[in-house]
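Open the model in your viewer and keep the selection tool at hand. The tour goes from one selection to the next and says what is found at each stop.

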Amino acid sequence: MINEITVVWGGHPVKLIWQPSKVVLKEDIVTSVHGCCFHAGKVLLVRVKNRGFNMPGGHVEANETPEETLHREI
């Protein structure tokens, strides 16, 4: 399974790495979260100006958990 890709985001290359079995510890620094949302056979996407459609997600705000971030972004 490939767990690393490079995408162009806002005109700049960004490396995305994921580890499906990794448990995030308090010592880990989480700067942004994104999620796949499924309902009734459909997938939720958000439209971002000048970037097109993306999975919902974004940067973690100060004093916010990753779960709270995803909830806010969705």
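**Stop one: Phe 38**

Phe 38 counts as exposed because its relative accessibility is 64%, and exposed means over 50%. Bear in mind throughout that this is a predicted model. Phe 38 sits in strand β4, which covers residues 38-39.

**Stop three: Phe 53**

Is Phe 53 buried or exposed? Its relative accessibility is 52%, so Phe 53 counts as exposed. Next, show what Phe 53 touches: leaving out residues up to four places away in sequence, these are Leu 45, Val 46 and Arg 47.

**Stop four: Thr 69**

Move on to helix α1, residues 66-73, and select Thr 69 within it. Thr 69 counts as buried because its relative accessibility is 0%, and the limit for buried is under 20%.

Which residues are in contact with Thr 69, leaving aside its neighbours within four places in sequence? Select Val 33, Gly 58, His 59, Val 60, Glu 61 and Glu 64 to show them. Then look at Glu 64 in particular: its side chain and that of Thr 69 are joined by a polar contact of 2.7 Å. The tour ends here.

Methods. Residues are numbered from 1 along each chain as its sequence is written. This is a predicted model: local features need pLDDT of at least 70, side-chain atom pairs count only at pLDDT 80 or more; totals for chains, interfaces and linings use all residues. Side-chain values use heavy atoms; hydrogens and water are left out. Helices (H or I, at least four residues) and strands (E, at least two) are DSSP runs, numbered from the N terminus. Buried means under 20% relative accessible area, exposed over 50%, partly exposed in between (1.4 Å probe, protein chains only). A polar contact is a pair of N or O atoms within 3.5 Å; within protein, one must be able to donate a hydrogen and the other to accept it, and residues adjacent in sequence count only if both atoms are side-chain atoms. Contact means heavy atoms within 4.5 Å.
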